[in-house]
Amino acid sequence: PDRYLGYALKALAAFKEGRYEDALAQNRLALDRAMPSEAEMVQRNIYAAYVRLRQFDKAYDTLLSIKNPMSGATSPKDLYDLALAALASGREREGRVLLELAALKTPETDAALAGEIAKMRRELQPAAGQDASALQPK
């Protein structure tokens with residue numbers, strides 16, 4: 001295909017079939033051909049492939065390349081996704097900060113996301129009797 005859409009569709013089919021390496025390769029080809037207005041969607045698909053491949057460092061970096069946590073336009077869901085990718089890649093400090101930002105930005109009307117964030121925050125709390133300093137980055 002000459003346009004990005006052909007590669008993006010091939011990537012989507014591969015992703016749905018669980019062929020994440022192929023989906024990643026096809027999305028990279030799509031990204032090479034995408035117009036600036038089309039690139040974010042392709043980058044999101046690359047992020048999703050990295051998550052499925054459990055390459056969380058790359059997933060985090062990919063999402064961070066298109067979403068600025070300090071921008072007012074960054075959604076609470078994007079902040080939550082960034083937090084999860086940061087935590088999964090061992091960036092606990094960033095993950096905790098992003099999780100707090102997501103919690104602050106989530107509207108009361110989005111009970112599902114607020115619940116997911118609250119659950120993750122509870123999971124990150126030290127267990128009873130555990131020294132909280134043990135969870136701090138060194």
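How many residues does α3 have, and how far does α3 reach from its first C-alpha to its last? In this predicted model, α3 has 17 residues and reaches 25 Å, close to the 24 Å expected at 1.5 Å a residue.

**Helix α3 and its surroundings**
- Helix α3 covers residues 36-52, and its buried residues are E38, A39, V42, Q43, I46, Y47, A49 and Y50.
- Those buried residues pack against α1, α2, α4 (56-66) and α5 (76-88).
- After α3 comes R54, which has a positive phi near 60 degrees.

**A look at R44**
- R44 sits in α3 and counts as partly exposed, because its relative accessibility is 27%.
- Leaving aside residues up to four places away in sequence, R44 touches L63, I66, K67 and D78.
- From the C-alpha atom of R44 to that of A23 the separation is 12 Å, with the two residues 21 apart along the chain.

**How α1 and α2 pair up**
- Helix α1 (residues 4-16) packs with helix α2 (residues 20-33) at an angle of about 165 degrees, and their axes are 8 Å apart.
- The two helices are therefore roughly antiparallel to each other, and the crossing of α1 and α2 is left-handed.
- On the α1 side, Y4, Y7, A8, K10, A11, A14 and F15 take part, meeting Y20, D22, A23, Q26, N27, L29, A30 and R33 of α2.
- The residues of this contact between α1 and α2 divide into 10 nonpolar, 2 polar and 3 charged.

Technical notes:
Residues are numbered from 1 along each chain as its sequence is written. This is a predicted model: local features need pLDDT of at least 70, side-chain atom pairs count only at pLDDT 80 or more; totals for chains, interfaces and linings use all residues. Side-chain values use heavy atoms; hydrogens and water are left out. Axes are lines fitted to C-alpha atoms, for helices over the stretch in contact, and angles run from 0 to 180 degrees between N-to-C directions. Helices (H or I, at least four residues) and strands (E, at least two) are DSSP runs, numbered from the N terminus. Angles under 35 degrees count as roughly parallel, over 145 as roughly antiparallel, 65 to 115 as roughly perpendicular and the rest as oblique. A crossing is left-handed if the near helix is turned anticlockwise from the far one by less than a right angle, and right-handed if clockwise. Contact means heavy atoms within 4.5 Å. Ala, Val, Leu, Ile, Met, Phe, Trp, Tyr, Cys and Pro count as nonpolar, Asp, Glu, Lys and Arg as charged, and the others, Gly among them, as polar. Buried means under 20% relative accessible area, exposed over 50%, partly exposed in between (1.4 Å probe, protein chains only). The expected span of a helix is 1.5 Å times one less than its number of residues.
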